[in-house]
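Hello,

Here is the structure I promised to hand over. Please open it first, then read on for what was found in it.

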Amino acid sequence: MVDWRLFEPLFNWARKKSLWIVSFCTGCGGIEMPPLMTSRYDIERFGIIPDPSPRQYDLFLITGYVTPKTLKRIIITYEMAPDPKWVLAHGSCPLNGGVYWDSYNAIKHLDKYIPVDVFIAGCMPRPEAVLDGIHKLMEMIESGEADGWKRYKENYEWYRKNQDELLGKGWREKEARKWIPWLMDKKKEVKE
């Protein structure tokens, strides 16, 4: 029997070299993403590829302010992805509310609802800072320190309690009811 834990350093090295990104651009942070793809920063040379599929990403970037309505989508998107997965939040808004610190509708401390592996402070952080944050995360992945996905599983009840306190009990079921009739209609169309 092969003990796959022996190969974990090799797997972590490979994981850090092939990150697929899904960006959840909720506000002004999204404007810092396109320069990362241009020739000046060219994050693809590090093996980082922007991927529009929430079912296949490794790195979830949350850029900008978060409201309860968008937090629902962030949680659902986070839970859809396979393990291991990492979260990088940039801008002051996901960290402490930023310029919306006194708003009733801005989420402060995103890490109460999903685990965040790296925060990049600033309003807005420049592309260089985002690239530095990604490099920091890559180092953490290789060393095994980036373990937010494990913390989410181990402390799921705590995260779920925080989510339910903010969004109300049964919010997942309400969201599912919105989508299930639509999905059923689509299945009928395919069969016909």
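The protein has eight helices and five strands. Read from the N terminus, the elements run α-β-α-β-β-α-β-α-β-α-α-α-α. Please keep in mind that this is a predicted model. The protein counts 192 residues, and 42% of them are buried. Its accessible surface is about 11100 Å². Carbon and sulfur atoms hold 57% of that surface. Among contacts with a separation of 6 or more, 78% are between residues 24 or more positions apart.

Start with strand 3, residues 59–63. How many of its five residues are buried? Five of the five are, so strand 3 is largely enclosed by the rest of the structure. In a regular strand, side chains alternate between the two faces of the sheet. Here both faces are covered. Leu59, Leu61 and Thr63 are buried on one side. Phe60 and Ile62 are buried on the other.

Which strands pair with strand 3? Strand 1, residues 20–25, pairs with strand 3 in the parallel sense, over five bridges. Strand 4 also runs parallel to strand 3, and five bridges join the two. Leu59 is the bridge partner of Ile21. Leu59 also stands opposite Trp86 in strand 4. Strand 3, helix 3 and strand 4 together make a right-handed β-α-β unit.

**Lys72 in helix 3**

Helix 3 covers residues 68–80, and Lys72 sits in it. What does Lys72 touch, leaving aside residues up to four places away in sequence? The answer is Leu167, Trp171 and Glu175. Tyr113 is 41 residues from Lys72 along the chain. Their C-alpha atoms are separated by 9.8 Å.

**Salt bridges**

Side chains of opposite charge can pair when their charged atoms come close. How many salt bridges does a search of the whole structure find? It finds seven. Three of them are described below.

Lys153 and Asp83 form one, with the closest N and O atoms 2.7 Å apart. Lys153 lies in helix 6, residues 148–154. Asp83 lies in the loop between helix 3 and strand 4, which spans residues 86–90. The pair therefore ties together parts that are 70 residues apart in sequence. Lys153 has 56% relative accessibility, so it counts as exposed. Asp83, at 32%, counts as partly exposed.

Move on to helix 7, residues 156–167. Arg160 and Asp164 meet there in a salt bridge, 3.5 Å from N to O. Why are these two about one helical turn apart? Because they are four residues apart in helix 7. Are the two partners buried or exposed? Arg160 is partly exposed, with a relative accessible area of 22%. Asp164 counts as buried, at 14% relative accessibility.

The side chains of Glu165 and Lys161 also meet in a salt bridge, 3.4 Å from N to O. Both residues lie in helix 7. Glu165 is exposed, with a relative accessible area of 58%. Lys161 is partly exposed, at 42% relative accessibility. Elsewhere, salt bridges that share partners join Asp83, Lys85 and Lys153 into one network.

**A patch on the surface**

Which residues form a nonpolar patch on the surface? Leu6, Phe7, Leu10 and Trp13 do. Together they have about 440 Å² of accessible area. Leu6 belongs to the segment before helix 1, which covers residues 8–16. Leu6 counts as exposed, because its relative accessibility is 66% and the cut-off is over 50%.

**Where to look**

- Leu59 in strand 3, for its bridge to Ile21 and its place opposite Trp86.
- Lys72 in helix 3, for its contacts with Leu167, Trp171 and Glu175.
- Lys153 and Asp83, for the salt bridge at 2.7 Å.
- Leu6, Phe7, Leu10 and Trp13, for the nonpolar patch.

Best wishes

Definitions and conventions. Residues numbered from 1 in each chain as written. Predicted model: local features only at pLDDT ≥ 70, side-chain atom pairs only at ≥ 80, totals over all residues. Heavy atoms only, no water. Contact = heavy atoms within 4.5 Å. Salt bridge = Lys/Arg side-chain N within 4 Å of Asp/Glu carboxyl O. Buried < 20%, exposed > 50% of the residue type's maximum accessible area, 1.4 Å probe, protein only. Patch = residues over 30% accessible without salt bridge, like charges linked within 9 Å, V, L, I, M, F, W, Y side chains within 5 Å. Areas by Shrake-Rupley, 256 points an atom, 1.4 Å probe, with all protein chains shown as cover. Pairing = 2+ DSSP bridges. Right-handed = clockwise from strand over helix to strand, strands pointing away.
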